[in-house]
Amino acid sequence: MKTKIIAALALLVCPFLCSAQYHSLDMPQTSPKVIESQRLGITTIAVEYSSPKVNGREIWGPVVPMNGDPIPWRVGANMNTKIAFSTDVTIEGQPLPAGSYGLHAIPLKGEWALLFAKNDNLWGSYYLDTLNGVALRVKVTPQESVHSEQLDFEFKNRTDSTLQLAIEWEKISVPFTIEVDLNKTTIEHFRYQLKGATTYAWEAWDAAAQWCLNRNTNLEEALSWSQRSITGGYGGYAANSNFTNLSTQSAILWSLDRKKEADEIMKKAIPLMNDAPNDYWVGKRMSDQGRAKMSKLFFDQMIASFPDVWYVYLGAVRAEYLNGNSKKALQRLNKTRAMAPANYKEYLDGLEAKINKGETL
């Protein structure tokens with residue numbers, strides 16, 4: 001009899017117990033999850049956070065704990081905000097290794113402390129070890145801002161190696177600067193990629209070499225990459241000697257002050273030119289490098305190969321002037337003027353004035 005009563009009670013209680021258990025039903029959240037990412041060079045920066053609303057509340061103090069009392073803020077709701085970097089970075093000038101971190105904050109009067117926690121998977125900040133569990137702690141200055149109803153992270157003020165990431169909520173913005181070593185991270189990434197699927201693509205080796213050339217960095221290794229583009233891999237597999245990679249190698253050699261070798265390679269490249277828009281920039285680069293005789297030889301050949309392309313004559317203007325032949329430069333300029341689009345008139349007039357005054361073009 002007791003067994004039957006217990007079983008009956010279990011049937012009555014079960015619906016209530018079941019309804020209180022965890023479920024996996026996907027439902028709208030009061031503080032929805034947001035995932036944002038940006039690339040800085042080849043570094044991926046990703047932020048994952050739950051975004052609460054102001055909802056008419058007084059935020060700083062009643063909602064967000066100030067002075068770390070009783071605990072730091074998780075910079076969001078629910079789980080701690082997570083921030084990840086695919087390469088080493090610096091935060092406000094301090095180094096932080098690649099990895100994923102929990103982001104917490106201690107709002108203080110006139111400044112905030114941002115804490116990058118080793119554990120990126122904490123519920124809130126309740127169990128954050130602020131002594132031994134923090135990989136980096138930096139000071140940042142909050143700023144007054146326009147009202148942001150929902151907590152948001154904004155990427156801003158980008159350069160090729162830095163950006164700011166700002167925490168924005170209510171009428172406060174808290175920006176902090178993230179910086180990467182663009183040369184180091186990019187070159188390391190090239191080394192990794194060139195061992196993979198791109199290893200037999202001459203264009204990949206040439207592109208990596210050109211990147212280093214344009215930034216005047218890692219030139220010795222860039223020269224080896226250029227050679228690989230030309231002569232191919234093991235046994236000469238996928239060799240492809242062409243105007244593009246020969247001219248890249250020539251420019252690298254010139255930058256390494258191996259000028260005789262540079263000119264010898266360029267003489268091999270010039271007969272292979274076949275693309276006026278792209279090849280033109282090789283000649284301009286030689287003019288910029290001060291390679292007077294070779295730039296003249298180059299543009300003379302370009303004019304022979306592409307006599308109907310107006311900007312080829314513009315390149316020849318610079319080459320002749322670089323060689324000290326102002327009269328011939330003005331003749332090339334007149335030819336350019338006769339062929340160029342009308343909107344280039346002012347620019348060409350200015351170029352002529354500089355030649356007449358003996359100024360640098």
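Modeller: The lining of the second largest pocket consists, by class, of 5 nonpolar, 7 polar and 4 charged residues. Here Ala, Val, Leu, Ile, Met, Phe, Trp, Tyr, Cys and Pro count as nonpolar, Asp, Glu, Lys and Arg as charged, and the others, Gly among them, as polar. The model is predicted: local features need pLDDT of at least 70 and side-chain atom pairs count only at pLDDT 80 or more, while totals for chains, interfaces and linings use all residues. Residues are numbered from 1 along each chain as its sequence is written, and side-chain values use heavy atoms, with hydrogens and water left out.

The volume of the second largest pocket is about 220 Å³. Of its 16 lining residues, Lys33, Glu48, Ser50, Asn78 and Met79 are the closest to the centre. A pocket is found on a 1 Å grid over the protein atoms alone, as an open set of points with protein on both sides within 12 Å along at least five of seven lines; a cavity is a set where a 1.4 Å probe fits but cannot get out, and lining residues have an atom within 4 Å of a point. Grid points are joined across faces, edges and corners, and a volume is the space filled by probe spheres set on the points. Strands S2 (43-50) and S3 (81-85) each give two or more residues to the lining of the second largest pocket, and S2 provides the largest share, 3 residues. Strands (E, at least two residues) and helices (H or I, at least four) are DSSP runs, numbered from the N terminus.

The largest pocket has a volume of about 270 Å³. It is lined by 17 residues, of which Phe243, Thr244, Asn278, Asp279 and Val282 are the closest to its centre. Two or more lining residues come from each of the helices H3 (202-215), H5 (243-255) and H7 (276-289), with H7 giving the largest share, 5 residues. In this lining, 6 residues are nonpolar, 8 polar and 3 charged.

Two of these helices, H5 and H7, have axes that come within 11 Å and cross at roughly 10°. That angle makes H5 roughly parallel to H7. Axes are lines fitted to C-alpha atoms, for helices over the stretch in contact, and angles run from 0 to 180 degrees between N-to-C directions. Angles under 35 degrees count as roughly parallel, over 145 as roughly antiparallel, 65 to 115 as roughly perpendicular and the rest as oblique. On the H5 side, Phe243, Ser247, Thr248, Ala251, Trp254 and Ser255 make the contact, and on the H7 side Asp279, Val282, Arg285 and Gln289. Contact means heavy atoms within 4.5 Å.

Finally, the structure holds 1 cavity of 30 Å³ or more. The largest cavity has a volume of about 40 Å³, and its lining includes Trp202, Trp205, Arg228 and Ser229. H3 and H4 are the elements that give two or more residues to this lining.
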